[in-house]
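Please open the model in your viewer and keep the selection panel at hand. The stops below are meant to be taken in order.

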Amino acid sequence: MTTVRQRRVGKGTEAAEDQPSDENVKPDEKILSDHIGGKLWNILSVTVGGIVAISLGLLTSVYVATLHENDLWFSNIKEVEREISFRTECGLYYSYYKQMIQAASIQQGLHGLVYDNKTESVRTINILERMNVYQEVFLSILYRILPIQQYLEPVYFYIYTLFGLQAVYVIALYVTSWLLSGTWLSGLLTACWYITNRIDTTRVEFTIPLRENWALPFFAVQIAAITYLLRTHLQPVQERLTLMAVFIATFLFSLAWQFNQFMMLIQALALFVLDCFDMLPTAKVTWLYIIQISGLLLVCVLQFFNSMILGSLLISFNASVLIARTIQKNLKKGNLLNRLGKLILHVLLVLCLTLLINKFIKKILNLESDEHIFKFLKAKFGFGATRDFDANLYLCEEAFGLLPLNTFSRLSDTLLFYVYVFVLFLTTVAAVVVAFRNLSGSNQVQFMEKMEECTVTLKPDAAYNLIHTVLFGCLALSTMRMKYLWTSHMCVFAAFGLCSTEVWKLILKCIHLYTSQRMHVIKYSVPVITLLYISYKFWPGIMDELSELREFYDPDTVELMNWIKSNTPNTAVFAGSMQLLAGVKLCTGRTLTNHPHYEDKNLRERTKQIYQIYAKRSPEDVYRILRSFGTDYVILEDSICYERRHSRGCRLRDLLDIANGHIMDGLGENAPDLKPSLYPRFCEEIKKNLPSYTLHFTRVFQNKTFHVYKLAKHK
């Protein structure tokens with residue numbers, strides 16, 4: 001060994017003597033020169049990459065805003081038409097922004113939200129407790145105090161803010177991919193994939209006020225911050241600042257969306273899996289658990305101790321993990337079999353503690369806010385059929401069904417899905433190898449040493465994003481509405497893999513073609529070719545899309561809203577479908593019996609009762625039910641009464657028949673215990689103006705879509 005080393009030094013000296021041009025160059029000066037050059041190059045790269053990120057974010061924001069304008073001709077339509085365009089729950093959330101804007105003062109507006117008696121008739125509820133509308137409150141206050149009222153209408157301030165958040169979203173995705181791969185080319189590819197797969201990555205342009213459109217940009221920022229946090233060799237100051245960024249993003253995400261706890265539970269599961277296999281630093285994982293709990297508890301305080309948050313599985317799970325760790329202190333010591341045994345016991349302990357703590361909290365606080373979600377999940381995954389109205393209402397909605405197969409064909413057109421599967425396979429193999437090596441310990445790595453040439457060490461940040469994309473992929477496959485959490489991260493992960501040194505190094509080593517130059521050529525050429533392909537194929541389509549002009553057109557709903565405003569008192573109470581009543585509140589300010597924000601047991605029971613207008617019930621029963629909620633007017637919709645959108649068994653009238661124990665309409669099978677109803681369907685029979693119906697209900701408005709009946713006020 002000594003001889004070999006001496007011969008190498010000798011050759012090096014001879015080579016140096018043969019090059020007189022380097023004789024007078026000092027080694028320290030050369031190192032310093034290289035260091036300065038490298039630093040300048042890094043500064044230039046970060047500057048260019050940052051400019052590209054901001055530019056792409058702003059372009060995306062302008063792109064979706066233009067699509068929204070072109071689709072509705074939003075700038076030209078009347079105010080009532082603009083408000084009707086905020087369909088279903090979107091209209092409900094926007095109504096609180098409008099309410100705050102129109103209030104005499106900020107204090108009066110806040111008082112109206114805390115003591116609200118117009119969202120649910122004969123009840124006073126705290127909107128800030130029940131719903132995630134702090135963003136509307138903040139935005140309305142901002143609009144009132146800024147000197148912009150003369151230049152910008154409230155509705156434009158609102159929608160431009162949300163379109164602006166799309167810029168934050170794209171920049172966060174860009175930065176995450178850049179951090180993972182080490183090159184901003186990856187971020188550029190991420191943003192291009194996000195835009196060209198817009199149908200599957202966002203729906204902000206036609207569901208602007210949805211909670212997810214507020215929340216997902218902050219979730220993307222949180223993921224970017226976690227990715228940076230999991231880097232090795234961070235300075236203490238950098239680590240503290242990053243933890244602060246994670247906390248702020250987690251808090252804002254939790255504040256903006258009622259489903260925050262379920263998304264962060266999946267994130268906590270990802271951290272738990274990686275920590276069990278020793279693929280993340282335990283101290284950083286602990287901090288992330290604590291941040292999740294503290295962020296959620298802070299939101300709980302702001303929402304006046306919302307019971308659904310206190311009883312969340314996330315708080316129970318994170319607390320259970322921290323408790324289990326203190327019980328099992330030597331979890332990461334021992335040989336392979338020993339560690340596997342400890343790991344199985346640890347998982348069982350965490351699961352048992354989670355269920356016990358969650359059950360205990362719900363029992364103590366008498367919580368039932370989220371029971372409909374668990375009923376839905378139980379029925380969805382085949383743990384027995386259900387006749388529960390709320391669970392079936394979700395099961396029959398396309399948004400809560402399985403992810404359609406045509407999604408993958410659209411994602412494949414941009415090459416995104418092919419690249420994603422390719423990168424996912426390679427990183428999963430690397431993760432399995434690394435996990436096995438970690439569990440095996442230092443004394444049992446002969447097998448791993450044999451595979452060293454084809455093995456890539458999976459960095460903690462890449463490992464986290466791998467498990468994140470796998471778990472959210474499973475969620476998207478099972479529930480279509482959640483696909484936007486997956487597809488945006490799919491862009492990040494696929495771009496990272498295509499620009500990753502580790503991925504290409506692994507491939508080239510496995511096929512015995514690795515050289516540093518070859519690896520760098522492939523690392524940059526493949527993404528550039530992909531970008532050129534995407535630009536060539538989809539740029540003309542994007543230009544055509546931007547030039548296509550449409551116009552909002554819903555005359556029947558406009559006529560209904562105008563009639564309500566002109567012909568009913570301000571104190572009138574309206575009953576009807578959840579989706580329509582949200583628009584009634586926004587456009588007319590009238591009081592509602594029910595609404596689409598379904599995360600309350602009393603509201604769910606009330607909605608089921610109100611929906612008896614579409615069931616087979618007597619006019620006396622329906623009248624009694626409606627009057628018990630203070631109803632003055634009821635709106636019947638032909639699109640629900642004679643529904644054809646869903647198949648038999650999933651129409652709203654069928655769900656009501658099943659829940660009431662009645663045989664469904666039409667040809668087909670019925671459960672043997674279902675009986676014929678003694679009464680015809682209310683929404684059909686009332687139109688015949690029979691005496692038993694006109695005694696309680698008088699038709700006061702009718703068009704092709706809606707029928708409004710005024711309820712008699714009997715003593």
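The tour goes from the domains to their interface, then to a sheet and the salt bridges.

**Stop 1: the two domains.** Bear in mind that this is a predicted model. Select residues 161-547 and colour them as domain 1, then select 555-711 and colour them as domain 2. The C-alpha centres of domain 1 and domain 2 are 42 Å apart.

**Stop 2: the interface.** Show the residues where the two domains meet: 15 residues of domain 1 are in contact with 21 residues of domain 2. About 1600 Å² is buried between domain 1 and domain 2, and carbon and sulfur atoms give 58% of that area. Now select Arg387, Phe389 and Cys396 in domain 1, which lose the most area to domain 2. Together these residues account for 44% of what the domain 1 side buries.

**Stop 3: charged and polar links across the interface.** Two salt bridges are counted between domain 1 and domain 2. Across the interface of domain 1 and domain 2 there are also two residue pairs in polar contact. Which elements of domain 1 give two or more residues to the side that touches domain 2? Select α18 (371-380) and α19 (389-395) to see them. Of these, α19 supplies the largest share of that side, with five residues. Sorted by class, the side of domain 1 that touches domain 2 holds six nonpolar, four polar and five charged residues.

**Stop 4: the sheet.** Switch to a cartoon view and find the open sheet of five strands, ordered β2-β1-β3-β5-β4 with mixed pairing. Next select β1 (residues 573-575), which runs parallel to β2 and is joined to β2 by two bridges. Pick Val573 and then Thr591, its bridge partner in β2.

**Stop 5: salt bridges.** The count of salt bridges comes to 32. Select Lys483 and Asp200 for one of them, where the closest N and O atoms are 2.8 Å apart. This pair links distant parts of the chain, since Lys483 lies in helix α24 (residues 483-498) and Asp200 in helix α10 (residues 198-201), 283 residues apart. To finish, select Arg645 and Glu397, whose side chains meet in a salt bridge at 3.6 Å, N to O.

How values were computed
Residues are numbered from 1 along each chain as its sequence is written. This is a predicted model: local features need pLDDT of at least 70, side-chain atom pairs count only at pLDDT 80 or more; totals for chains, interfaces and linings use all residues. Side-chain values use heavy atoms; hydrogens and water are left out. Domain bounds come from an automatic or database domain assignment. Contact means heavy atoms within 4.5 Å. Buried area is the accessible area (1.4 Å probe) that two parts lose on being put together, summed over both. A salt bridge is a side-chain nitrogen of Lys or Arg within 4 Å of a carboxyl oxygen of Asp or Glu. A polar contact is a pair of N or O atoms within 3.5 Å; within protein, one must be able to donate a hydrogen and the other to accept it, and residues adjacent in sequence count only if both atoms are side-chain atoms. Helices (H or I, at least four residues) and strands (E, at least two) are DSSP runs, numbered from the N terminus. Ala, Val, Leu, Ile, Met, Phe, Trp, Tyr, Cys and Pro count as nonpolar, Asp, Glu, Lys and Arg as charged, and the others, Gly among them, as polar. Two strands pair if DSSP finds at least two bridges between them.
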